[in-house]
Amino acid sequence: MTKEQWGALQEQLSSTIGHNNYKTWIEPIEFQGLEPGGIAVFNVPTNFIGTYVSQNFGELLLAKLSTVDADVRRLKFQVANSDVRPQPRPVQPQQEPQASAAPAAASSEVLPGAPLDGRFTFDSFVVGKPNELAHAAAKRVAEGGQVTFNPLFLYGGVGLGKTHLMHAIAWELKTSRPDLNVLYLSAEQFMYRFVQALRERRMMDFKELFRSVDVLMVDDVQFIAGKDSTQEEFFHTFNALVDQNKQIIISADRAPDEIKDLENRIRSRLQSGLVVDLHPTDYELRLGILQSKVETYRQQYPALQLDAGILEFLAHRISTNVRVLEGALTRLFAFASLVGQPITMELTQDCLSDVLRASDRKISIEEIQRKVAEHYHIRLSDLIGPKRVRNFARPRQVAMYLCKQLTARSLPEIGRRFGGRDHTTVMHGVKRIEELRSQDSQIADDIELLRRALEA
Ligand SMILES: Nc1ncnc2c1ncn2[C@@H]1O[C@H](COP(=O)(O)OP(=O)(O)OP(=O)(O)O)[C@@H](O)[C@H]1O
């Protein structure tokens with residue numbers, strides 16, 4: 001397919017769709033070339049024109065183009081000179097749905113996905129122990145090679161980086177594999193589009209559209225629990241894509257078997273690939289994230305002074321989710337620059353008093369001990385007491401580990417609260433459980449259950 005052939009086609013199109021339509025919609029678009037995979041690429045002056053042409057003339061264009069060149073299989077509209085690298089920009093509100101897009105003509109630019117946040121890339125994702133597995137799995141999927149696990153199911157508590165990782169995969173694929181149709185959307189948007197398609201009697205379009213993607217990412221899938229017909233449609237979409245060996249990436253706030261009101265067949269489908277957990281952040285990861293955010297703030301506030309120890313203090317004190325941590329730092333920098341003062345400990349405590357107070361409602365050592373004793377059906381006095389039999393020693397180590405993870409208490413203090421034990425005993429217990437977590441799935445499950453119960 002050459003530009004000359006496109007020129008000849010344009011004339012034919014003018015008589016088919018009428019002069020006005022032609023002038024408004026077809027004349028401004030420019031045939032750029034044919035990409036591997038039979039993708040005819042057009043430069044368009046704006047996204048709006050690209051979307052409109054795709055929706056209204058997509059099928060016609062595709063039919064005409066394929067009479068000239070049988071290799072043409074899809075259309076792609078790109079804004080001329082647009083930079084495909086993500087640029088920092090705020091999250092945009094979701095655009096109006098475009099459920100009427102002609103499926104065959106849809107490209108990654110015009111598929112009805114949610115906008116991607118330019119800040120959520122692999123470069124800006126800080127890797128630590130709690131998220132290293134999820135990060136590695138996301139990286140593997142982002143290579144866009146052979147599909148080895150399907151779906152990739154990422155789960156974890158609020159604000160631990162699930163959406164960040166999904167966007168990072170999408171950005172990476174858009175750059176390295178622009179030939180792939182990558183569709184990212186939330187489960188809520190999936191339902192919304194499904195309901196809209198039902199209402200407008202465009203189910204065929206809906207089905208074809210979702211089945212024409214190469215990589216489907218659905219965020220917060222727990223949302224479809226209890227919504228029967230959306231689940232049904234999701235199940236069919238899922239199966240159709242897996243059958244075609246297309247990659248699916250799903251995120252949720254909990255593991256598939258913990259999502260209530262989810263049909264069993266969906267649950268087992270979701271478990272059939274790789275299920276990875278983003279664990280709650282630990283101190284080191286929080287500090288790493290703060291340090292990396294500070295680097296970006298330094299460009300924005302080059303004159304601002306930050307006293308030593310502030311980041312460590314925040315990483316210790318704010319142990320909820322990363323979003324809260326980021327919000328605290330943003331507020332601190334904005335406040336300090338507004339009042340024109342260096343960021344000292346005093347200013348930090350003053351400016352973030354509410355956040356610090358809120359995260360003070362922390363889990364206590366007593367609560368942990370009580371829950372662990374209940375969980376293992378042993379007496380509290382045996383958990384804390386001196387007996388070393390395994391039935392007590394292992395739960396005791398689990399409790400020490402949880403105290404280290406979920407409270408800001410020091411090892412000596414934890415030791416004191418466990419019957420006056422030495423801090424090295426606590427350290428040994430914590431290490432032992434860290435090792436066991438990756439080898440013994442029973443221990444890993446126990447910890448996860450206890451953590452959730454304590455944080456609820
Ligand atoms: N490891 C990390 N490195 C850098 N930033 C992170 C990391 N983890 C989370 N964040 C940041 O924390 C914020 C919340 O992350 P994200 O939106 O991905 O969470 P989520 O797990 O999808 O939460 P939710 O369940 O609320 O949807 C984002 O601004 C994200 O960039």
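Author: The following account begins with the ligand shell and then turns to the helix pairs. The model is a predicted one.

The ligand is surrounded by 18 residues. The closest of these are Gly161, Lys162, Thr163, His164 and Val322. By class, the shell consists of 7 nonpolar, 7 polar and 4 charged residues. Two helices, H5 and H12 (322-339), each contribute at least two residues to this shell. At the level of domains, domain 2 (129-278) and domain 3 (283-358) each provide at least three of the residues around the ligand.

Helix H5, one of the contributors to the shell, spans residues 162-176 and packs with helix H4, residues 132-142. The axes of H4 and H5 lie 9 Å apart, and the angle between them is about 25 degrees. An angle under 35 degrees counts as roughly parallel, and H4 and H5 are therefore roughly parallel to each other. The crossing in which H4 passes H5 is right-handed. On the H4 side, the contact is formed by Ala134, His135, Ala138, Val141 and Ala142, while H5 supplies Leu165, Ala168, Ile169, Glu172 and Leu173. The residues of this contact comprise 8 nonpolar, 1 polar and 1 charged.

From H10, the residues Tyr283, Arg286, Leu287, Leu290, Gln291 and Val294 meet Leu311, Glu312, Leu314, Ala315 and His316 of H11. Sorted by class, the contact of H10 with H11 holds 7 nonpolar, 2 polar and 2 charged residues.

The remaining pair to be described here is formed by helix H15 (residues 365-375) and helix H17 (residues 390-406), whose axes come within 9 Å and cross at roughly 145 degrees. H15 passes H17 in a right-handed crossing. In this contact, Ile365, Ile368, Gln369 and Val372 of H15 face Pro395, Val398, Ala399, Leu402, Cys403 and Leu406 of H17. The contact of H15 with H17 contains 9 nonpolar residues and 1 polar residue, with no charged residues.

To return to the ligand, its shell includes 4 charged residues, and Lys162 is among the closest residues to the ligand.

Note on methods:
Residues are numbered from 1 along each chain as its sequence is written. This is a predicted model: local features need pLDDT of at least 70, side-chain atom pairs count only at pLDDT 80 or more; totals for chains, interfaces and linings use all residues. Axes are lines fitted to C-alpha atoms, for helices over the stretch in contact, and angles run from 0 to 180 degrees between N-to-C directions. Helices (H or I, at least four residues) and strands (E, at least two) are DSSP runs, numbered from the N terminus. Angles under 35 degrees count as roughly parallel, over 145 as roughly antiparallel, 65 to 115 as roughly perpendicular and the rest as oblique. A crossing is left-handed if the near helix is turned anticlockwise from the far one by less than a right angle, and right-handed if clockwise. Two residues are in contact if their C-beta atoms, placed from the backbone, lie within 7 Å. Ala, Val, Leu, Ile, Met, Phe, Trp, Tyr, Cys and Pro count as nonpolar, Asp, Glu, Lys and Arg as charged, and the others, Gly among them, as polar. A residue is near a molecule or strand if its C-beta atom, placed from the backbone, lies within 6 Å of it. Domain bounds come from an automatic or database domain assignment.
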